[in-house]
Amino acid sequence: MEPFSASASSSEAKCEPQSGRIQRLDEAVVNRIAAGEVIQRPANAIKEMLENSLDAGSTMIQVTVKSGGLKLIQIADNGSGIKREDMAIVCERFTTSKLRKFEDLSSISTYGFRGEALASISHVAHVTITSKTADSKCAFKAMYKDGQLALPRSGATADPKPCAGTRGTMIVAEDLFYNVTTRRKALKSPSEEFGRVADVVTKYAVHNSGVAFSLRKQEETAADIKTLQGSTIKENISSLYGSSVARELLEVDSDDAELGFKMQGLVTNANYSVKKLQFLLFINHRLVDSGALKKAIMVVYAAYLPKGTHPFIYLSIEISPANIDVNVHPTKHEVHFLHEESIVEAIQKGIEQRLLGCNSSRTYFTQALLPGTALSLSDSLHKKGTSGTSKEGKQDTPTYAYQMVRTDSREQKLEAFFGPGSTQQHNQPSDEQSEPMDDNASPNQSGGVAHTASVEKRRHSSGVSGVLRPFRKKAHRKEIRLTSVRSLQLAVRGQQHTDLTELFQNHKFVGCVDQTRALVQHQTKLYLVDLTKLSKELFYQLLLFDFANFGNLTLTPPAPMYDVAMIALNSPDSGWTEEDGPKEKLAQYIVDFLKSKAEMLRDYFSLDVRKDGCVHSLPLLLPSYCPNLDKLPMFLVRLATEVNWDNEKECFQTLAAETSDFYSIRNDPFLLDSQEQSGNKQHPADGEVPSQSKGSQEKGIEVRADCIPELYKHSPWQWTVEHVVFPALKSDFIPQRKMAEDGSILQIADLHDLYKVFERC
Ligand code: ADP
Ligand code: MG
């Protein structure tokens with residue numbers, strides 16, 4: 001119970017308390033206890049009085065306080081006023097002008113205390129009310145104590161006295177808790193109380209754009225808070241919370257007739273993040289709190305804002321009063337309503353959509369949206385569902401054989417059954433040279449001078465014990481503030497598939513089936529994955545999320561674009577017809593065009609196209625990963641012809657799509673044929689065209705030969721898939737929803753089911 005009841009009763013108790021006897025409490029004490037439940041601090045009292053003024057139709061409300069409201073609270077409005085004949089009972093408990101019969105409770109749109117607020121205040125403070133209605137000639141003033149009219153000090157009668165005044169009401173409450181010592185002592189310092197008062201007044205001022213508000217400390221002339229009558233909600237936010245908030249506001253709204261609600265609001269976008277959450281929630285125009293709604297909205301923002309920071313949220317929800325639980329405890333501003341879960345979800349979705357779809361006035365910081373962030377979010381969202389089977393579960397429930405999962409990636413893999421050597425050597429590279437591969441290590445079978453791609457030293461020199469680490473982010477990344485890139489990243493994030501995320505993060509690589517398919521295990525299930533589809537998506541995402549932060553894959557010697565373009569145009573794949581004009585002209589056009597885009601291609605994509613007409617480097621998307629250079633000709637042609645260069649966002653999107661296509665793992669029969677012929681027919685006169693894959697007898701992917709252990713020498717692409725591509729899929733990949741359906745990944749066995757089969761045998 002309330003701590004102050006002991007001290008309060010000691011002075012008022014009429015009978016000595018006897019042990020074991022139940023005593024009826026003095027009425028004044030009961031009322032004071034009840035008042036303390038309703039009014040706990042100045043800010044509560046002010047909230048109640050503000051609501052009364054708003055209910056009275058005021059367009060101007062002035063609040064004045066002294067000592068944070070502890071010494072004095074004064075609220076003056078220009079509302080309807082209180083009639084002379086009501087003045088006597090206005091402070092009695094359960095007197096209200098807003099409710100007549102019980103049924104009204106379900107249709108009343110206020111959260112008032114059903115006539116308790118003024119009464120409560122009068123039990124714990126000295127209250128004076130001055131009020132004038134429109135049809136009264138003068139104002140009336142009266143003082144109140146314990147819910148009743150009180151005798152003024154002058155000794156005159158307690159009746160309301162006529163006095164001069166304008167339409168409206170002024171209520172003064174002095175010496176809050178003068179008669180409840182413990183409560184007063186429990187209150188914080190005046191400045192802290194003022195902070196809470198200011199918070200309430202500010203929030204009501206924002207919401208009530210048709211009302212001019214002011215809050216002033218009595219001893220000061222200037223107002224701390226001030227809004228104008230005609231200003232909009234956005235202008236109010238700007239003047240009270242600052243223009244930095246107002247600049248980043250997005251309008252949100254949603255409604256659902258079936259659920260019986262309407263919501264309108266203003267929320268900050270992903271640019272805005274502060275330490276302290278500002279959450280202004282009005283339900284039917286009353287300032288309330290809803291833990292469920294707050295939590296749901298924070299989940300959405302967690303994906304967009306740096307950890308530990310928060311948005312600004314202003315929401316005004318209208319819910320049919322019949323659906324609101326009016327019997328909540330008076331001091332609890334926490335509300336509950338019918339269809340709460342569905343309404344919260346609808347509002348959450350509305351905000352999520354708005355954040356996703358917004359691409360105006362946005363500046364982003366790369367850090368907020370690294371794939372790592374994305375994955376950890378989905379992780380936390382789905383922790384309940386997915387991780388329960390791991391460590392915790394093992395301790396108290398026995399593990400059956402069919403539940404046992406492979407946990408050590410060094411365990412035997414598929415290639416152990418096919419290749420020479422022992423499985424022990426897998427992770428040991430044959431040597432650790434960091435120089436670009438030399439011709440002895442990877443003889444060029446064509447005999448011509450072919451191009452090789454070498455990774456810039458700074459990116460690969462730390463070949464830690466031969467196992468390429470998952471893609472390491474540069475310590476000093478260029479900050480990307482391009483709206484277009486950020487919205488493309490958001491689109492990827494928005495399509496994240498949670499279960500697949502879990503799968504890729506915790507999978508075990510089993511082995512390659514062929515050049516474009518591999519097996520992975522996750523828990524008790526075995527999956528077949530399509531390397532072409534997955535790698536294409538992976539490279540697309542790397543291109544967006546590492547935008548402008550790639551290393552260089554240097555071509556030695558550089559590839560002359562004209563010749564390269566001619567190779568592409570000569571191949572049937574280019575779809576060239578005579579109507580397109582002479583190939584030479586087209587090739588020249590491609591060269592000129594790409595040269596004109598050189599700066600952008602170099603700065604953002606590490607695609608170094610120089611004035612000499614050669615491509616000097618390609619982006620390094622994964623350590624030691626080089627695309628099949630046989631596809632370079634087609635890639636260059638498509639860069640010039642298939643990328644949409646008119647619109648920034650589409651340009652980056654199509655460029656990333658083309659590049660990821662070029663980098664993706666493929667098993668191209670056309671290319672295999674051309675390699676088998678290993679002749680010079682595709683070579684122009686000088687023979688310097690990157691038409692050959694080096695260091696690999698098989699086509700598809702190229703890797704640095706010096707990284708590859710003996711066991712994989714026959715099929716270096718396997719090593720790349722396992723040690724370069726899959727680690728990236730584990731750490732830097734956001735699996736997309738479409739992948740669950742497009743054959744990117746297929747479950748082919750479940751240990752649990754296999755056991756059932758064996759048991760039957
Ligand atoms: P409730 O708001 O639940 O009716 P209160 O104790 O807050 O209960 O107020 C009691 C009554 O006093 C109100 O119903 C209203 O008629 C009157 N009243 C209080 N404040 C004002 C005001 N500022 N202007 C006009 N009437 C007021
Ligand atoms: Mg009220």
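Predicted model: local features only at pLDDT ≥ 70, side-chain atom pairs only at ≥ 80, totals over all residues.
Local features need pLDDT of at least 70 and side-chain atom pairs count only at pLDDT 80 or more, while totals for chains, interfaces and linings use all residues. Residues are numbered from 1 along each chain as its sequence is written. Helices (H or I, at least four residues) and strands (E, at least two) are DSSP runs, numbered from the N terminus.

A mixed sheet holds five strands in the order β10-β11-β14-β12-β13. Pairing requires at least two DSSP bridges between two strands. The edges are formed by β10 (249-256) and β13 (286-287), each of which pairs on one side only. Strands β12 and β14 run parallel and are joined by six bridges. Within this pairing, L281 has L315 of β14 as its bridge partner.

Two helices meet this sheet. Helix α6 (residues 190-207) lies across β12, β13 and β14, at about 60° to β12. Helix α9 packs on the sheet and touches β11, β12 and β14; its direction makes about 135° with that of β14. Contact means heavy atoms within 4.5 Å. Axes are lines fitted to C-alpha atoms, for helices over the stretch in contact, and angles run from 0 to 180 degrees between N-to-C directions.

Helix α9 spans residues 291-302, 12 residues in total. From first to last C-alpha it reaches 16 Å, close to the 16 Å expected at 1.5 Å a residue. The expected span is 1.5 Å times one less than the number of residues. Its buried residues are L293, A296, I297, M298, V300 and Y301. Buried means under 20% relative accessible area, with a 1.4 Å probe and protein chains only. These buried residues pack against β11 (261-268), β12 (278-283), β14 (312-319) and α10 (340-357).

An antiparallel sheet has four strands, ordered β16-β17-β18-β24. Strands β16 (508-514) and β24 (745-750) stand at its edges; each has a single partner strand, so one side of each lacks a neighbour in the sheet. The twist averages 25° from one strand to the next. Five bridges pair β18 (residues 525-530) with β24 in the antiparallel sense. Here Y527 stands opposite Q747 in β24.

This sheet also carries helices. Helix α15 (residues 498-505) lies across β17 (517-522), β18 and β24, and runs at about 70° to β24. Helix α23 (residues 716-731) packs on the sheet, where it touches β16, β17 and β18. The direction of α23 makes about 135° with that of β16.

Note on methods: Chains lettered and ligands numbered in written order. Heavy atoms only, no water. Buried < 20%, exposed > 50% of the residue type's maximum accessible area, 1.4 Å probe, protein only.
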